[in-house]
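Trainee: Could you walk me through how to read helix packing and aromatic pairs in a model? I would like the general idea and then the case at hand.

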Amino acid sequence: MSHIAFLGLGAMGSRMASRLLQAGQQVTVWNRSSAASEALAKLGAQIAPTPRAAAQSADFVITMVRDDEASRQIWLDTESGALMGMRHGSIAIESSTLSHRWVVELGQAFKAAGMLFLEAPVSGSRPQADAGQLIYFVGGDAVVVKQAEPLLALMGGAIHPVGPVGSAAMTKLTTNALLGIQVTAMAELVNILQRSGADTAQILQAVAGTVVCSPFAKRAADSMLAGDFTPQFPVELVEKDFAYVLASAASPKSVPTLAAAHQVFADAVTQGLGNEHLTSVVKLFAQ
């Protein structure tokens, strides 16, 4: 049994921490708001007052937060940051979806402190987190990756080492950008089909039987036609991830398709759809 500090208990983090508790691990949690921590305490978790306190006796420290700013605050705050509380030999695992620039900077901060660090963002949403079937992309030293794999396997169904620190961030952002582009394209096509008077559902069912339609594109179409936008991957997070992708490009002009898809999600946030599932962008094209 390992002692794990889990920092950040949003929709994904709370589910991942719950999986660790179900697996019999000793878990200490921290979250900005107390409700999520208290819910996990009922399952056996200990609650820490700060990230630094949570990290002090942990073998692994895992963070799952919204963005670069939240990650910086949790790890590097001079008074409450987790890095200052970690003991030598413990392993930090950053599982948030972050920018390449920040992940590399964070890795350098750990290296300067003589501490072990991995980035391990995940592909999958709330159902996969509940089932322990997340897909991990892991960046960092291969020896450290091997040490962390048994822990990650408690929350994930697949673990893919992809190279040095920074590689996993780019793998995750590439995955999410491809996902977002499929959603924007499908949203536009649904609108065109509906305007044509054709049987949209029947046509898309036929398209789904071809090699050009991914399983995710089919699920996105089903969501749009059913009007089911129960949040699993909210619009506002997709918009954030596109912004991180564009930050790694030479310029927006060098990635016009990505830039256009980003604008769709930015418009959706402006229209009040930020908390809905990403397929809700179809509402932008409804006539």
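Mentor: Gladly! Let us begin with the word contact, which here means heavy atoms within 4.5 Å. Keep in mind that this is a predicted model.

Trainee: With that cut-off, which residues of α9 and α12 meet?

Mentor: On the α9 side they are Leu173, Asn176, Ala177, Gly180 and Ile181, and on the α12 side Asp241, Phe242, Tyr244 and Val245. Sorted by class, this contact of α9 with α12 has six nonpolar residues, two polar and one charged.

Trainee: And how do I describe the geometry of such a pair?

Mentor: Two packed helices are described by the angle between their axes and by the distance between those axes. For α9 and α12, the axes come within 9 Å and cross at roughly 120 degrees.

Trainee: Is the crossing of α9 and α12 left-handed or right-handed?

Mentor: α9 passes α12 in a left-handed crossing.

Trainee: Let me try another pair. At what angle do α9 and α10 pack?

Mentor: Helix α9 (residues 167-196) and helix α10 (residues 200-208) pack at about 135 degrees, and their axes are 9 Å apart. That angle makes α9 oblique to α10. Here α9 passes its partner α10 in a right-handed crossing.

Trainee: Which residues make the contact of α9 with α10?

Mentor: α9 contributes Met186, Val190, Leu193 and Gln194, while α10 contributes Thr200, Ile203 and Leu204. By class, the contact of α9 with α10 has five nonpolar residues, two polar and no charged.

Trainee: Could we zoom in on Thr200? Is Thr200 buried or exposed?

Mentor: The cut-off to remember is that buried means under 20% relative accessible area. Thr200, in helix α10, has 7% relative accessibility and so counts as buried. Apart from neighbours within four places in sequence, Thr200 is in contact with Val190, Leu193, Gln194 and Leu225.

Trainee: What about the pair α12 and α13?

Mentor: Helix α12 (residues 235-247) and helix α13 (residues 256-270) pack at an angle of about 145 degrees, with 9 Å between their axes. The crossing of α12 past α13 is left-handed. Among the residues of α12 that meet α13 are Val235, Glu236, Glu239 and Phe242, and on the α13 side the list includes Leu258, His262, Phe265 and Val269. The contact of α12 with α13 divides into 13 nonpolar residues, one polar and two charged.

Trainee: Now the aromatic rings. How many aromatic pairs does a search of the whole structure find?

Mentor: The search finds three. To classify a pair, look at the angle between the ring planes: under 30 degrees is stacked and over 60 is edge-to-face. The rings of Trp75 and Phe110 have their planes at 80 degrees and their centres 5.2 Å apart, so this pair is edge-to-face. The pair links distant parts of the chain, with Trp75 in helix α4 (residues 68-76) and Phe110 in helix α6 (residues 100-112), 35 residues apart.

Trainee: How are the planes of Phe110 and Phe117 arranged?

Mentor: Phe110 and Phe117 are stacked, with 25 degrees between the planes and 5.0 Å from centre to centre. Trp75, Phe110 and Phe117 form one aromatic cluster. As for burial, Trp75 is buried at 0% relative accessible area, Phe110 is buried at 0% too, and Phe117 is buried at 9%.

Trainee: Can you show me residues that are not buried?

Mentor: Two are handy for practice. His100, in helix α6, is partly exposed with a relative accessible area of 30%. Pro150, found in helix α8 (residues 142-152), is exposed with a relative accessible area of 53%.

Terms used: Residues are numbered from 1 along each chain as its sequence is written. This is a predicted model: local features need pLDDT of at least 70, side-chain atom pairs count only at pLDDT 80 or more; totals for chains, interfaces and linings use all residues. Side-chain values use heavy atoms; hydrogens and water are left out. Rings of Phe, Tyr and Trp (its six-membered ring) pair if their centres lie within 6.5 Å; planes under 30 degrees apart count as stacked, over 60 as edge-to-face and the rest as tilted. Helices (H or I, at least four residues) and strands (E, at least two) are DSSP runs, numbered from the N terminus. Buried means under 20% relative accessible area, exposed over 50%, partly exposed in between (1.4 Å probe, protein chains only). Axes are lines fitted to C-alpha atoms, for helices over the stretch in contact, and angles run from 0 to 180 degrees between N-to-C directions. Angles under 35 degrees count as roughly parallel, over 145 as roughly antiparallel, 65 to 115 as roughly perpendicular and the rest as oblique. A crossing is left-handed if the near helix is turned anticlockwise from the far one by less than a right angle, and right-handed if clockwise. Ala, Val, Leu, Ile, Met, Phe, Trp, Tyr, Cys and Pro count as nonpolar, Asp, Glu, Lys and Arg as charged, and the others, Gly among them, as polar.
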